[in-house]
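Me: I am new to this structure and would like to learn how to read it. Could we go through it one feature at a time?

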Amino acid sequence: MTITLLGSHDGVELIRHELKRYGLMGFYPSSVPNAFEGIIVLRGELQVTCARQSTVLSAGSAMSMSPVQEVVCVIAKENTDFLYVTSFSLYSWYKDWVERFHQMASDIAQKDGYTASHCERIRKYSVMIGCELGLSAYELISLSCGALFHDIGKVKIPDEILRKPGRLTPEEFDIMKMHTIYGRDLMNSPEHPFLHVGSTVAEQHHERYDGSGYPYGLKGDEIYLPAAIVAVVDSYDAMTSERPYQRPKSKREAIEEIQSLRGKLYDPRVVDAFLKVVDKF
Ligand SMILES: [Fe+2]
């Protein structure tokens with residue numbers, strides 16, 4: 001996401017946003033009395049979700065919120081530019097936060113031996129499945145943030161375990177499993193208020209539908225749906241990625257494996273939605 005301040009006067013700000021396909025932005029109820037916020041789409045298409053109701057804004061369309069009363073999520077269905085108008089100053093801390101957010105995502109990916117594009121890919125595919133499943137605005141924001149930072153807890157795992165070529169010993173694997181708990185705690189820390197929304201995804205993304213996952217062995221509906229989505233996308237990405245100890249599977253082989261584990265390791269609702277959107281990955 002790229003944001004540019006086009007103009008400001010007396011607290012009113014006009015900010016241009018460029019969102020890539022399936023880029024997402026959340027709005028939370030404002031603490032500023034009589035706040036006004038509005039969006040005018042310049043190019044592309046935005047899905048606007050409030051609770052579980054979604055509408056699509058195309059180029060030339062506008063919407064306003066005065067003030068924002070419920071969580072609202074906007075998702076670019078294609079590369080989209082829009083103007084965001086606000087009656088209160090937020091650009092400076094907002095820009096700072098967006099930059100920090102992206103820097104953290106890239107630092108985590110590098111620690112794990114991936115590139116920043118790996119985390120962004122997991123985020124994007126997860127949001128595509130979330131849209132297909134009709135998640136609420138809050139769940140979509142939680143999914144996007146949680147998917148991007150799902151492995152943040154790995155910053156606390158020693159490099160010799162994280163980057164060990166070949167299989168981990170049972171003791172090493174027990175340490176590796178802790179990245180879920182570390183991730184939840186890091187995302188819940190007061191230092192990162194904008195990451196709280198994704199902490200349950202980091203905590204539960206290795207839980208499996210049949211109860212065979214970790215850290216708790218949750219089953220079926222006990223698993224937070226956005227975390228169940230990241231579980232499928234993360235597995236698909238691992239299957240199709242080059243790793244030191246495995247040949248990457250073809251897209252077709254990976255899809256067949258995910259399909260064969262429907263209702264076993266993976267939530268059937270998620271696998272069905274995955275199968276509908278995987279051709280667009
Ligand atoms: Fe993980």
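Reply: We start with direction. Axes are lines fitted to C-alpha atoms, and the angle between two of them runs from 0 to 180 degrees between N-to-C directions. Keep in mind that this is a predicted model. Helix α1 (residues 91–111) lies across β1 and β2, and runs at about 170 degrees to β1.

Me: Which strands make up the sheet that contains β1 and β2, and in what order?

Reply: Five strands form this open sheet, in the order β1-β2-β9-β4-β7, with antiparallel pairing. β1 (2–9) and β7 (62–65) are the edge strands; each has a single partner strand, so one side of each has no neighbour in the sheet. From one strand to the next, the twist averages 20 degrees.

Me: How many bridges hold β4 and β9 together?

Reply: Strand β4 (residues 37–43) and strand β9 (residues 80–86) pair over six bridges, in the antiparallel sense. As an example, G38 has V85 as its bridge partner in β9. β4 also pairs with β7, over four antiparallel bridges. There the bridge partner of G38 is S64.

Me: Which residues of β7 are on its covered face, and which are on the uncovered one?

Reply: M63 and M65 form the covered face of β7, while A62 and S64 form the uncovered one.

Me: What is the strand order in the sheet of four strands?

Reply: That open sheet runs β3-β8-β5-β6, and its pairing is antiparallel. Its edges are β3 (24–27) and β6 (53–58); each has a single partner strand, so one side of each is without a neighbour in the sheet. On average, and with direction ignored, neighbouring strands are turned by 20 degrees against each other. Within the sheet, β5 (residues 45–50) and β8 (residues 72–76) run antiparallel and are joined by five bridges. T49 has C73 as its bridge partner in β8.

Me: Which helix packs on this sheet?

Reply: Helix α3 (residues 137–148) does, touching β3, β5 and β8, and its direction makes about 55 degrees with that of β8.

Me: How is the packing of two helices described?

Reply: The general idea is to give the angle between the two axes and the distance between them. For α3 and α8, the angle is about 40 degrees and the axes are 9 Å apart. That angle makes α3 oblique to α8. Their crossing is right-handed. E139, L143 and A147 of α3 meet P226, I229 and V230 of α8. By class, this contact has five nonpolar residues, no polar ones and one charged.

Me: At what angle do α8 and α10 pack, and how far apart are their axes?

Reply: α8 and helix α10 (residues 268–277) pack at about 55 degrees, with their axes 9 Å apart. The two helices are therefore oblique to each other. Their crossing is right-handed. On the α8 side the contact is made by L225, A228, I229, V232 and Y236, and on the α10 side by R269, V270 and F274. Seven of the residues in this contact are nonpolar, none is polar and one is charged.

Me: Is S235 buried or exposed?

Reply: The cut-off to know is that buried means under 20% relative accessible area. S235 has a relative accessible area of 11%, so S235 is buried. This residue lies in helix α8 (residues 225–240). Neighbours within four places in sequence aside, S235 is in contact with R208, I258 and Y266.

Me: Which residues of helix α6 are buried, and what do they pack against?

Reply: In α6 (residues 179–188), the buried residues are H179, T180, I181, G183 and M187. They pack against α3, α5 (170–177) and α7 (199–204).

Me: What should I look for in the loops?

Reply: D10, in the loop between β1 and β2, has a phi near 55 degrees, a positive value in a residue other than glycine. D10 is exposed, with a relative accessible area of 72%. N34, in the loop between β3 and β4, also has a positive phi near 55 degrees and is not a glycine. At 72% relative accessibility, N34 counts as exposed.

Me: Which residues are joined by a cis peptide bond?

Reply: Y214 and P215 are, with omega about 10 degrees. P215 is in the loop between α7 and α8.

How values were computed. Residues numbered from 1 in each chain as written. Predicted model: local features only at pLDDT ≥ 70, side-chain atom pairs only at ≥ 80, totals over all residues. Heavy atoms only, no water. Buried < 20%, exposed > 50% of the residue type's maximum accessible area, 1.4 Å probe, protein only. Contact = heavy atoms within 4.5 Å. Parallel < 35°, antiparallel > 145°, perpendicular 65-115°, else oblique. Left-handed = near helix turned anticlockwise from the far one by under 90°. Nonpolar A, V, L, I, M, F, W, Y, C, P; charged D, E, K, R; others polar. Pairing = 2+ DSSP bridges.
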